[in-house]
Amino acid sequence: MGNGPAPFSDIGKRAKDLLTKDYNYDHKFVLSVPGSTPMGLTATGLKKGQIFLGDISAQYKSGRTIVDVKVDTYSNVSTKVTVHEVMPSTKAILSFDVPDHKSGKLDLQYLHPRVAIDSSIGLNPSPVLNLAAAVGGSDILLGGEVGFDTASASFTKYTAGISFNKPDLSAALMLTDKGQTLKASYVHSVNTSNTSQVVAEMTHRLNTLENSFTIGSSHVLDRYNTVKTRFSDNGKLAMVCQREWRPKSLITFSAEYDAKRSEVGPKWGLALALKP
């Protein structure tokens with residue numbers, strides 16, 4: 001096994017990122033302004049159809065503490081306070097939204113070279129409890145996740161998974177949806193430089209015996225340009241073209257065509273991320 005912490009969320013993450021990350025069918029603008037002080041600012045704008053959404057985020061770092069504050073166009077204020085090393089190998093995260101007084105949540109994350117535990121509890125009279133645990137490392141990871149609603153005294157989720165990772169490949173098997181869905185994914189690097197990768201994901205629903213699949217690819221053409229493709233058995237074909245036109249500043253074009261609904265035009269989106 002490799003070294004390093006192994007959170008449960010790492011299981012299947014490599015395939016998920018290749019199939020979903022950067023696919024956007026709206027118009028999005030992000031401006032990040034890192035400051036020379038511990039303060040950094042980020043402004044985000046998103047146009048969905050005729051609706052425009054925006055927010056401004058600020059991050060302040062001081063010692064082991066990081067404070068993130070975000071204000072959106074509806075005057076909602078989201079705050080997250082992260083404190084590292086509250087105990088050895090443990091960090092605490094307190095998050096809450098204003099004016100939603102029931103949104104408070106406390107997370108505790110323990111990261112060890114072979115064990116990772118992530119627990120959270122809602123800060124309200126009838127909280128939802130979540131616990132995720134994983135053992136392993138960068139090569140092999142085995143874990144599970146469970147959620148419990150104290151108001152209804154019922155489980156909201158239980159998930160289990162295992163993954164095997166090497167520099168040129170990644171395979172994962174997960175049991176999700178309270179044991180009703182089996183999902184397998186595989187990522188393989190076509191060349192030794194890992195600039196071209198292919199990915200496949202198969203989903204089998206145990207209760208209905210339905211199967212679905214998605215395949216995709218990612219190709220780094222050069223240091224500035226990346227192209228991604230995706231095809232699903234539901235007839236949807238998508239692609240992403242991304243260019244880094246200056247360091248850490250990206251322009252991304254996405255498009256999706258539904259072959260089973262040829263009367264509907266393709267969807268497309270444009271995202272611009274600037275970092276001076």
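The paragraphs below go through the aromatic groups, the pockets, a few strand residues and some backbone features of this predicted model.

The model is predicted, so local features are reported for residues with pLDDT of at least 70 and side-chain atom pairs count only at pLDDT 80 or more, whereas totals for chains, interfaces and linings use all residues. Residues are numbered from 1 along each chain as its sequence is written, and side-chain values use heavy atoms, with hydrogens and water left out.

We begin with the rings. The structure holds 3 aromatic pairs, where rings of Phe, Tyr and Trp (the six-membered ring of Trp) pair if their centres lie within 6.5 Å, and where planes under 30 degrees apart count as stacked, over 60 as edge-to-face and the rest as tilted. One of them joins Phe-148 to Phe-155 in an edge-to-face arrangement, at 5.3 Å centre to centre and with 70 degrees between the planes. Phe-155 also pairs with Tyr-158, and because the planes of these two rings stand at 85 degrees, with centres 6.2 Å apart, that pair is edge-to-face. Phe-148, Phe-155 and Tyr-158 form one aromatic cluster. As to accessibility, a residue is called buried under 20% relative accessible area, exposed over 50% and partly exposed in between, with a 1.4 Å probe and protein chains only. Phe-148 is partly exposed at 28%, Phe-155 is partly exposed at 44%, and Tyr-158 is partly exposed at 39%.

Another ring takes part in a contact with a charge. The charged end of Arg-230 sits over the ring of Tyr-23, 4.1 Å from the ring centre; the criterion is that NZ of Lys or CZ of Arg is within 6 Å of the ring centre and within 35 degrees of the ring normal.

We turn next to the pockets. Rolling a probe the size of a water molecule over the atoms shows where empty space is left. On a 1 Å grid over the protein atoms alone, a cavity is a set of points where a 1.4 Å probe fits but cannot get out, while a pocket is an open set with protein on both sides within 12 Å along at least five of seven lines, and lining residues have an atom within 4 Å of a point. Grid points are joined across faces, edges and corners, and a volume is the space filled by probe spheres set on the points. The largest pocket has a volume of about 950 Å³, and 47 residues line it, with Ser-9, Ile-11, Gly-12, Lys-16 and Met-174 nearest its centre. That lining divides into 16 nonpolar, 15 polar and 16 charged residues, on a scheme in which Ala, Val, Leu, Ile, Met, Phe, Trp, Tyr, Cys and Pro are nonpolar, Asp, Glu, Lys and Arg are charged, and the others, Gly among them, are polar.

The second largest pocket holds about 410 Å³ of space. It is lined by 17 residues, of which Asp-22, Lys-28, Val-30, Leu-250 and Ala-273 are the closest to its centre. Strand 1 (27-34), strand 18 (249-258) and strand 19 (267-274) are the elements that give two or more residues to this lining; helices (H or I, at least four residues) and strands (E, at least two) are DSSP runs, numbered from the N terminus. By class, the lining of the second largest pocket has 8 nonpolar, 5 polar and 4 charged residues.

Val-30 belongs to strand 1 and is buried, with a relative accessible area of 19%. Beyond residues up to four places away in sequence, Val-30 touches Thr-42, Ala-43, Thr-44, Leu-272, Ala-273 and Leu-274, where contact means heavy atoms within 4.5 Å. Thr-82, in strand 5 (residues 77-87), is buried at 7%, and its contacts, leaving aside neighbours within four places in sequence, include Arg-64, Lys-91 and Ile-93. Gln-109, in strand 7 (residues 105-111), is buried at 17%.

Most residues other than glycine have a negative phi, and most peptide bonds are trans. The bond from Val-98 to Pro-99 is cis, with omega near 15 degrees, and Pro-99 lies in the loop between strand 6 (90-98) and strand 7. Ser-75, which is not a glycine, has a positive phi of about 65 degrees, lies in the loop between strand 4 (65-72) and strand 5, and is exposed at 55%. Lys-248 likewise has a positive phi, near 65 degrees, in the loop between strand 17 (236-246) and strand 18, and is exposed at 57%.
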